[in-house]
Amino acid sequence: MLYAAAGGGGAGSFTPILMIALLFGVMYFMMIRPQQKRRRESEAMQSNLGPGDEVVTIGGLYGTVTGIEDDTVLLEVAPGVQTRYARPAIARVVTRAELPAEPVSEDADTVKE
């Protein structure tokens with residue numbers, strides 16, 4: 001009877017390894033990959049900040065970007081009140097600054113060189 005139980009367990013040894021590999025695969029596609037995507041989107045948003053953008057900080061403070069340095073952003077939170085924040089502290093952009101439209105020349109056929 002002991003020999004019969006030992007002989008049937010050889011094929012089942014791959015099942016736990018397969019289950020662990022499957023678990024890691026599910027964890028990667030359900031947790032790690034979406035988090036990496038959110039991080040890339042956040043970094044792109046923070047690098048595209050410009051003066052005039054209305055933003056919200058991670059603390060919930062609304063403000064308008066008035067200046068940008070390498071790793072800090074200067075926000076105007078009230079008329080005449082400016083505060084300095086780290087770029088990663090910006091959670092989202094509420095409205096983008098309106099870019100001034102390029103003036104249209106009278107001669108639309110001429111090519112600028």
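The protein contains 2 helices and 5 strands, taken as DSSP runs numbered from the N terminus (helices H or I, at least four residues; strands E, at least two), and from the N terminus on these elements run α-α-β-β-β-β-β. The model is predicted, so that local features need pLDDT of at least 70 and side-chain atom pairs count only at pLDDT 80 or more, while totals for chains, interfaces and linings use all residues. Residues are numbered from 1 along each chain as its sequence is written, and side-chain values use heavy atoms, with hydrogens and water left out.

Strand β1 (residues 54-57) pairs in the antiparallel sense with strand β2 (residues 62-68) over 3 bridges, pairing being assigned where DSSP finds at least two bridges between two strands. Within this pair, V56 has Y62 of β2 as its bridge partner, and in the hairpin, where 4 residues lie between the strands, G60 adopts a positive phi near 95°. Strand β2 is also paired in the antiparallel sense with strand β3 (residues 72-78), over 4 bridges; V65 stands opposite L75 in β3, and 3 residues lie between the two strands of this hairpin.

The largest nonpolar core comprises 8 residues, namely M45, L49, V55, V65, V73, L75, I90 and V93; such a core is a set of buried Ala, Val, Leu, Ile, Met, Phe, Trp, Tyr and Cys residues joined through side-chain atoms within 4.5 Å, buried meaning under 20% relative accessible area (1.4 Å probe, protein chains only). At least two residues of this core come from each of β3 and β5 (90-95). Beyond its neighbours within four places in sequence, I90 is in contact (heavy atoms within 4.5 Å) with M45, Q46, L49, V55, V56, T57 and L75.

Definitions and conventions. Buried means under 20% relative accessible area, exposed over 50%, partly exposed in between (1.4 Å probe, protein chains only).
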